[in-house]
Amino acid sequence: MPIIINLDVELAKKKMSVTEFAAAIDITPANVSVLKNGRAKAVRFTTLDAICRVLECQPGDILQWVPEDHPAAVAAREADG
């Protein structure tokens, strides 16, 4: 799926670690990693709300759609095997 997750960019802007972020949005660091690496199949709106609240951003700052042939989409498919 050509949805790019830019969570790592937003975390870097806030200088926040995955552990700090996970505690702030009340999910496990492992689940933050799943989100951050684009392996999540779904995101609850309550989680997206918490992410945006903590990072003071909009959903579009975190989620980005790209066409199937975009290099980032191709790379993500190749990484999934």
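Q: Where is D26 found?
A: In this predicted model, D26 is found in the loop between α2 and α3.

Q: Why is D26 called exposed?
A: The relative accessibility of D26 is 69%. Exposed means over 50%, so D26 counts as exposed.

Q: What is the value of phi for K15, and where is K15 found?
A: Phi of K15 is near 55 degrees, again a positive value in a residue that is not glycine. K15 sits in the loop between α1 and α2.

Q: Is K15 buried or exposed, and what makes it so?
A: K15 has a relative accessible area of 76%. The cut-off for exposed is over 50%, therefore K15 is exposed.

Q: Why is N6 called buried?
A: N6 has a relative accessible area of 18%. Buried means under 20%, so N6 is buried. N6 lies in the loop between β1 (3–5) and α1.

Q: Which residues is N6 in contact with, leaving aside neighbours within four places in sequence?
A: They are D61, I62 and Q64.

Q: What makes the pairing of the N6 and Q64 side chains a polar contact?
A: The side chains of N6 and Q64 are joined at 3.4 Å. The limit for a pair of N or O atoms is within 3.5 Å, so the distance meets the definition.

Q: Why is L63 called partly exposed?
A: L63 has 33% relative accessibility. Buried is under 20% and exposed is over 50%, with partly exposed in between; L63 therefore counts as partly exposed. The place of L63 is in strand β2 (residues 63–65).

Q: Which residues have the most contacts inside the largest nonpolar core?
A: They are L7, F21, I25, V32, I51, L55 and I62, in a core of 15 residues. At least two residues of this core come from each of α1 (7–14), α2 (18–25), α3 (29–36) and α4 (45–55). The largest share, six residues, is supplied by α4.

Q: What does I51 touch, not counting residues up to four places away in sequence?
A: I51 touches L7, F21, I25, L35 and I62.

Key:
Residues numbered from 1 in each chain as written. Predicted model: local features only at pLDDT ≥ 70, side-chain atom pairs only at ≥ 80, totals over all residues. Heavy atoms only, no water. Helix = DSSP H or I, 4+ residues; strand = E, 2+ residues; numbered from the N terminus. Buried < 20%, exposed > 50% of the residue type's maximum accessible area, 1.4 Å probe, protein only. Core = buried A, V, L, I, M, F, W, Y, C linked by side-chain atoms within 4.5 Å. Contact = heavy atoms within 4.5 Å. Polar contact = N/O pair within 3.5 Å; in protein donor to acceptor, adjacent residues only side chain to side chain.
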